[in-house]
Amino acid sequence: APARTRLDKWLWAARFFKHRTAATEAVDGGKVKLNGITVKPARDVKPGDRLDITIGEETRTVLVRAIADRRGSATVAQTLYEETAESIAERERARELHKLAATPGADLHGRPTKRDRRRMDRFGGH
């Protein structure tokens, strides 16, 4: 395996993104930081580098363990990096908070009734 490869290629090979273009766009959009710095997709990654990867609401901090520029199985992809203990703990905490938070609009069911409508009108001052 090569000693270094492009950041976007590695992210795709490590299965953080389904498509290489998605990996490239994430790096361009500042969603991926290499050793704490926003970089370009063509920047080389080598073992020992630290990556902060933000996908949706979730941020993972991983250490690069091995280099691959070809996408393999998920088992192989997991050997390419190691997630830090703080990152795992933070994701667990976020997951718990998400479970406890009520979904916005969970108490609403369909259209408002005439009674609801009157209340809304009274509340809105119409």
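Me: Is Asp 121 buried, exposed or partly exposed?
Reply: Asp 121 is partly exposed, with a relative accessible area of 30%. Buried means under 20% relative accessible area, exposed over 50%, and partly exposed in between (1.4 Å probe, protein chains only). This is a predicted model, where local features need pLDDT of at least 70 and side-chain atom pairs count only at pLDDT 80 or more, while totals for chains, interfaces and linings use all residues. Residues are numbered from 1 along each chain as its sequence is written, and side-chain values use heavy atoms, with hydrogens and water left out.

Me: Which side chain does Asp 121 meet in a salt bridge?
Reply: That of Arg 117, at 3.9 Å from N to O. A salt bridge here is a side-chain nitrogen of Lys or Arg within 4 Å of a carboxyl oxygen of Asp or Glu. Both residues lie in helix H5 (residues 114-124), 4 residues apart, which is about one turn of the helix. Arg 117 is partly exposed at 44%. Helices (H or I, at least four residues) and strands (E, at least two) are DSSP runs, numbered from the N terminus.

Me: How many salt bridges does the count come to?
Reply: The count comes to 14. One of them joins Arg 65 and Glu 82, with the closest N and O atoms 2.9 Å apart. That pair links distant parts of the chain: Arg 65 sits in the loop between strand E6 (58-64) and helix H3 (74-78), and Glu 82 in strand E7 (residues 81-83), 17 residues apart. Arg 65 is partly exposed, with a relative accessible area of 42%, and Glu 82 is also partly exposed, at 40%.

Me: What about Arg 93 and Glu 90?
Reply: Their side chains meet in a salt bridge at 3.0 Å, N to O. They are 3 residues apart in helix H4 (residues 85-100), so about one helical turn separates them.

Me: Which residues are linked in a network?
Reply: Glu 58, Arg 60, Glu 83 and Arg 91 are linked in a network of salt bridges.

Me: Change of topic. Which residues of H2 are buried?
Reply: In helix H2 (residues 20-28) they are Ala 23, Ala 26 and Val 27. Seen down the axis of H2, they fall within an arc of 95 degrees, so they line one face of the helix. The arc is that of the directions from the helix axis to the C-beta atoms.

Me: And the other side of H2?
Reply: Thr 21, Glu 25 and Asp 28 are exposed there. The cover over the buried residues of H2 includes helix H1 (7-13) and strand E2 (32-34). Just after H2, Gly 30 takes a positive phi of about 80 degrees.

Me: Where does UniProt put the RNA-binding S4 domain?
Reply: The unreviewed entry places it at residues 5-68. Over that stretch the chain is 25% helix and 34% strand, with the end C-alpha atoms 7 Å apart.

Me: What does the secondary structure of the chain come to?
Reply: It comes to 5 helices and 7 strands. Along the sequence the pattern is β-α-α-β-β-β-β-β-α-β-α-α.

Me: How does its radius of gyration sit against a compact globule?
Reply: The chain has 22 Å, whereas a compact globule of 126 residues would be near 14 Å. The radius is taken over C-alpha atoms, and the globule rule is 2.2 Å times the number of residues to the power 0.38. The C-alpha atoms fill a box of roughly 70 × 30 × 25 Å along the principal axes. Of the 126 residues, 26% count as buried.

Conventions:
UniProt positions are given in the numbering used here, feature names are shortened, and annotations may be inferred rather than shown by experiment. Contact means heavy atoms within 4.5 Å.
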